[in-house]
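Hi,

Here is the structure I promised to pass on.

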Amino acid sequence: MALVALVAAACAVLISPLTGSLVAGVGLLWMLFKQHAHLARLVRWAHKPIGQEPLPQATGLWDLIYSDLNRNVRQVMAERAKLGAELDRFRDASQAMPDGVMYLSLTGAIEWINRRAAEDLGLDLDRDRGAPVINLVRQPDFVHYLESGDYSEPFLFHPIRRPGAALLVQVITFGDGRRMVISRDVTQIEKLETMRRDFVANVSHELRTPLTVVSGFIETVLDGLDDVPREDVLRYLGMAHEQAARMQRLIQDLLVLSALETGAPQPIEDVFDVVGLVREVARETEALSAGRHTISVIATDACRVQGSAKELHSAFANLASNAIRYSPSGGEIQLRWQLLASGAGEFCVSDSGIGIAPEHIPRLTERFYRVDRGRSRETGGTGLGLAIVKHVLTRHQAELKITSAPGEGSCFCAVLPARRMVPIAS
Ligand code: ADP
């Protein structure tokens with residue numbers, strides 16, 4: 001500006017005032033053009049995405065403006081990168097969460113969802129983003145919970161798309177009314193809870209029946225102490241005694257199960273002579289049979305076993321007593337111990353008894369599962385024997401193998417792993 005004024009003044013003095021005015025006019029026009037060019041560049045730059053291209057170097061006041069703007073843009077970009085990295089970290093953490101996480105907009109549209117939530121609710125991570133969640137998960141109880149606005153309690157949801165699954169859904173509102181939906185898979189917890197309820201119901205039922213019988217007998221005797229003949233009183237007392245013994249057996253088995261479940265995770269290890277143990281079980285089986293069955297023992301593979309002699313004795317004896325109880329008089333029972341080619345040790349009890357239909361076999365080790373409730377009771381069963389056997393074997397990393405067919409007898413084998421076999425030093 002000053003330069004234009006100087007040159008115009010010089011021209012006016014040295015040449016003519018008209019030339020001076022002309023030079024001043026051209027100079028001003030040129031300056032106006034330059035300002036306009038800078039402004040146009042600024043407008044073009046402002047229309048481009050931020051940070052795409054810095055403003056070039058300029059002169060004078062424009063250089064100051066351009067470098068200020070460039071510095072501001074650099075700061076904004078750095079801030080943005082920092083925020084982006086934080087957002088990525090947050091998303092990675094939400095993705096890695098074992099629970100489902102879903103963010104809903106004010107209108108209930110899915111803004112963001114992690115993989116777990118997509119699997120839990122049967123949604124598609126990309127396709128369903130932006131869609132209202134209640135249009136995608138249409139189960140009335142889920143829709144009602146989301147729309148109720150009362151999220152003080154979580155809601156137990158059984159998604160139709162995942163039969164058998166149970167999810168605990170909790171909505172948390174935040175910010176300006178957005179919602180975060182957290183879903184936790186509680187299928188296992190629900191199963192355990194059902195098992196616990198069934199177990200309590202079963203135990204109560206098992207105890208109630210004999211208790212009713214015992215109290216009935218006592219009432220009858222009390223009501224007619226003088227009128228009831230002595231032999232009837234003795235008969236009633238005998239039956240009451242039988243029922244009391246049944247309750248005792250049940251409680252004993254429950255205590256054994258509970259000790260196995262709540263006791264030390266590992267059995268107390270002994271190293272014992274397994275052939276001796278099998279012969280002891282055979283003697284007890286003979287006593288239980290009282291001559292009604294033919295019992296044979298094959299146990300030639302002398303060996304010592306590392307494990308709990310007490311627990312394995314109870315498991316083997318349970319299998320043998322079942323063979324007696326489910327084989328009619330005259331039946332044949334064999335107890336066999338052998339070392340397999342793999343090095344594992346196998347104890348088998350086979351009988352010529354009533355046998356078991358294939359559909360029952362996978363469930364026999366469930367507590368209180370019986371093929372024939374009446375027969376189990378008649379023979380003094382508690383329905384817990386095989387559950388105890390299974391527990392003991394699991395604690396010894398052993399397996400229970402069952403082969404049976406109705407009317408053809410059964411064979412129950414406990415297979416102990418090779419690493420539990422301790423060879424007898426020769
Ligand atoms: P229980 O006290 O009823 O015998 P267990 O747990 O020992 O309970 O056995 C579960 C069920 O398995 C029994 O009720 C019976 O139906 C069946 N079972 C077990 N062992 C035999 C066997 N040797 N022969 C036929 N059925 C058997």
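Below is what turned up around the ligand and in the cysteines.

Some housekeeping: this is a predicted model, where local features need pLDDT of at least 70 and side-chain atom pairs count only at pLDDT 80 or more, while totals for chains, interfaces and linings use all residues. Residues are numbered from 1 along each chain as its sequence is written, and side-chain values use heavy atoms, with hydrogens and water left out.

Now the ligand. It has 20 residues around it, the closest being R325, Y326, S376, G383 and L386 (a residue is near if one of its heavy atoms lies within 4 Å). That shell splits into 10 nonpolar, 7 polar and 3 charged residues (Ala, Val, Leu, Ile, Met, Phe, Trp, Tyr, Cys and Pro count as nonpolar, Asp, Glu, Lys and Arg as charged, and the others, Gly among them, as polar).

For polar contacts (pairs of N or O atoms within 3.5 Å), a polar side-chain atom of S376 sits 2.6 Å from a ligand oxygen. A backbone N or O atom of G383 is 2.8 Å from a ligand oxygen, and a polar backbone atom of V371 is 3.0 Å from one.

And the cysteines: there is 1 disulfide (a pair of cysteine sulfur atoms within 2.5 Å). C348 and C413 make it, with their sulfurs 2.0 Å apart, and the link is right-handed, at 110° about the S-S bond.

Cheers

Definitions and conventions:
Polar contact = N/O pair within 3.5 Å; in protein donor to acceptor, adjacent residues only side chain to side chain.
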